[in-house]
Amino acid sequence: MALGDAILACLTEHPMTGYELAKTFDSSIGFFWKTDHQQIYRELSRLRDRGYIQGREVVQTGKPNKLVYTLTPEGRAAFRSWAARPSTPASTKDDLLVRLYALGAADIAPIRADLMARLEHHRDRAERYDRILKKHYADGSVAPADMGKLLNLRLGLRHERMVAEWCEEAITALSAISGTGSVRPLDASSRENAG
């Protein structure tokens, strides 16, 4: 998948400015497709050159004018073509896993500290996904157009909880090797809510 495809996906919802697209990436698509704001603006220019989007200038009083981007029929067709192709499973590249692979030749303390940081990161993300689910999908019902968003959130929540649980397991194993303290496990009720 290219960044352009992700931008076209965002614009299937409604027209957006570059700033609004960047905020959408920060609060949703960015959970599974990382990019920075400058990359978004560069890609908007490329999509416009290809005729996939058009920009309409909106005049504002007291602040700079803004460009609102809309999908063109060609852009919608390009998105539909991309969406119809088979996906490619993501591959994992993780330096922490390489360090664990060679644990016998490495110092355990820095790896354990890295695992502790990862644990907190994944717990925080799980809590964020859980808040979003409760805010937007409290009763579990969803409009057909939003089903993909709900499914992505549920996957994200399960993934974050699973990785946090694995971090706990790894920390406990490294603690046993090094004789240091352990970690607080996730409570069982939070695991069940991943649904």
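Visitor: Are H1 and H2 roughly parallel or roughly perpendicular to each other?

Guide: Two packed helices are described by the angle between their axes and the distance between the axes. Angles under 35 degrees count as roughly parallel, over 145 as roughly antiparallel, 65 to 115 as roughly perpendicular and the rest as oblique. The axes are lines fitted to C-alpha atoms, for helices over the stretch in contact, and angles run from 0 to 180 degrees between N-to-C directions. Here H1 and H2 pack at about 100°, with axes 11 Å apart, and they are therefore roughly perpendicular to each other.

Visitor: What kind of model is this, and how are its residues numbered?

Guide: This is a predicted model in which local features need pLDDT of at least 70 and side-chain atom pairs count only at pLDDT 80 or more, while totals for chains, interfaces and linings use all residues. Residues are numbered from 1 along each chain as its sequence is written, and side-chain values use heavy atoms, with hydrogens and water left out.

Visitor: Which residues of H1 and H2 meet?

Guide: Contact means heavy atoms within 4.5 Å. Leu3, Ala6, Ile7, Cys10 and Leu11 in H1 meet Leu21, Thr24 and Phe25 in H2. Helices (H or I, at least four residues) and strands (E, at least two) are DSSP runs, numbered from the N terminus.

Visitor: At what angle do H1 and H3 cross?

Guide: The axes of H1 and H3 cross at roughly 85° and come within 10 Å. H1 and H3 are therefore roughly perpendicular to each other. On the H1 side the contact is made by Leu3, Gly4, Ile7 and Leu8, and on the H3 side by Gln39, Ile40, Glu43, Leu44 and Leu47.

Visitor: How many residues does the largest nonpolar core have?

Guide: A nonpolar core is a set of buried Ala, Val, Leu, Ile, Met, Phe, Trp, Tyr and Cys residues joined through side-chain atoms within 4.5 Å. Buried means under 20% relative accessible area, exposed over 50%, and partly exposed in between (1.4 Å probe, protein chains only). The largest such core in this model has 19 residues, and Ile7, Leu11, Leu21, Phe25 and Ile53 have the most contacts inside it. Two or more residues each come from helix H1 (3–11), helix H2 (18–27), helix H3 (37–50), strand S3 (66–71) and helix H4 (73–84). H1 gives the largest share, six residues. Another core, of 12 residues, lies apart from it and includes Leu103, Ile108, Ile111 and Cys167.

Visitor: Which residues is Ile53 in contact with?

Guide: Leaving aside neighbours within four places in sequence, Ile53 is in contact with Leu8, Leu11, Leu44, Leu47, Arg48, Tyr69, Thr70, Leu71 and Thr72.

Visitor: Is Thr72 buried or exposed?

Guide: Thr72 counts as buried, because its relative accessibility is 9%. Thr72 lies in the loop between S3 and H4. Not counting residues up to four places away in sequence, Thr72 touches Gly51, Tyr52, Ile53 and Gln54. A polar atom of the Thr72 side chain lies 2.5 Å from the backbone oxygen of Gly51.

Visitor: Where is Val68 found?

Guide: Val68 is found in strand S3 and is buried, with a relative accessible area of 10%. Beyond its neighbours within four places in sequence, Val68 is in contact with Pro15, Met16, Thr17, Gln54, Gly55, Arg56 and Val58.

Visitor: With which side chain does the side chain of Glu168 make a polar contact?

Guide: A polar contact is a pair of N or O atoms within 3.5 Å; within protein, one must be able to donate a hydrogen and the other to accept it, and residues adjacent in sequence count only if both atoms are side-chain atoms. The side chain of Glu168 makes such a contact with the side chain of Arg123, at 3.0 Å. Glu168 is found in helix H7 (residues 147–178) and is buried, with a relative accessible area of 6%. Glu168 and Arg118 are 50 residues apart in sequence, and their C-alpha atoms are 9.8 Å apart in space.

Visitor: Which residues is Leu153 in contact with?

Guide: Leu153, also found in helix H7, is in contact with Tyr129, Ile132, Leu133 and Tyr137, leaving aside neighbours within four places in sequence. At 10% relative accessibility, Leu153 counts as buried.
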